[in-house]
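Dear colleague,

Please find below the structure that I am handing over to you, together with its sequence. My findings follow directly after it.

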Amino acid sequence: MSIEYLNAVFKTSKTKGAARLILLSLADTASDEGTCFPSIKTLSRKAGVSVNVTREYLRAFEKIGLVSITHRATDSGRQTSNVYQIDYRIIGSEIITGELLNSIRCVSRQALKHGSPLVTRVTP
């Protein structure tokens, strides 16, 4: 657990609600370098939100550059937990608002529903 990342979220992050809880869950499992690899199920349980909501916010975090996600698999090809890297510099960014995250979530949800590719990365 990284006290530095937890404190940054508590003190400077503009996130609210589910987004804040998911970000705190990531920070709670992060190393001092901001790297962690919890399962989506673990993040969902810690944040008290559904797996789908967790996935949507993780995609939104990735699109704004707050979190980078590396997908992993075992030697046999079975998917395992992702590696998440939290960008400390962006945690307190003024641009990260609930409205921005919700709009990205909605666009991602619609794209997935219609089978189209997800929106490219948004730069804060």
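A residue is called buried here when its relative accessible area is under 20%. By that criterion, 41% of the 124 residues of the protein count as buried. Please note that this is a predicted model.

Overall fold

The protein has five helices and three strands. Read from the N terminus, the order of these elements is α-α-β-α-α-β-β-α. Among the contacts with a separation of 6 or more, 62% are made by residues 24 or more positions apart.

The nonpolar core

In soluble globular proteins, nonpolar side chains tend to be buried together. The largest nonpolar core of this model contains 32 residues. Those touching the most other members are Leu 26, Leu 58, Phe 61, Leu 66, Val 67, Tyr 84 and Leu 101. At least two residues of this core come from each of helix 1, helix 2 (17-29), helix 3 (40-47), helix 4 (51-63), strand 2 (67-73), strand 3 (79-86) and helix 5 (98-113). Helix 2 provides the largest share, with six residues.

Leaving aside residues up to four places away in sequence, Phe 61 touches Ala 19, Ile 22, Leu 23, Leu 26, Leu 66, Val 67 and Leu 101.

Helix 1 against helix 2

Two packed helices are described by the angle between their axes and the distance between the axes. For helix 1 and helix 2, the angle is about 165° and the axes lie 8 Å apart. Angles over 145 degrees count as roughly antiparallel, and helix 1 and helix 2 are therefore roughly antiparallel to each other. Their crossing is left-handed.

On the side of helix 1, the residues that meet helix 2 are Tyr 5, Leu 6, Val 9 and Phe 10. Their partners in helix 2 are Arg 20, Leu 23, Leu 24, Ala 27 and Asp 28. Sorted by class, this contact comprises seven nonpolar residues, two charged residues and no polar ones.

Beyond residues up to four places away in sequence, Ser 2 touches Ala 27, Ala 30, Ser 31 and Asp 32.

With kind regards

Notes: Residues numbered from 1 in each chain as written. Predicted model: local features only at pLDDT ≥ 70, side-chain atom pairs only at ≥ 80, totals over all residues. Heavy atoms only, no water. Contact = heavy atoms within 4.5 Å. Core = buried A, V, L, I, M, F, W, Y, C linked by side-chain atoms within 4.5 Å. Buried < 20%, exposed > 50% of the residue type's maximum accessible area, 1.4 Å probe, protein only. Helix = DSSP H or I, 4+ residues; strand = E, 2+ residues; numbered from the N terminus. Axes fitted to C-alpha atoms, helices over the stretch in contact; angles between N-to-C directions. Parallel < 35°, antiparallel > 145°, perpendicular 65-115°, else oblique. Left-handed = near helix turned anticlockwise from the far one by under 90°. Nonpolar A, V, L, I, M, F, W, Y, C, P; charged D, E, K, R; others polar.
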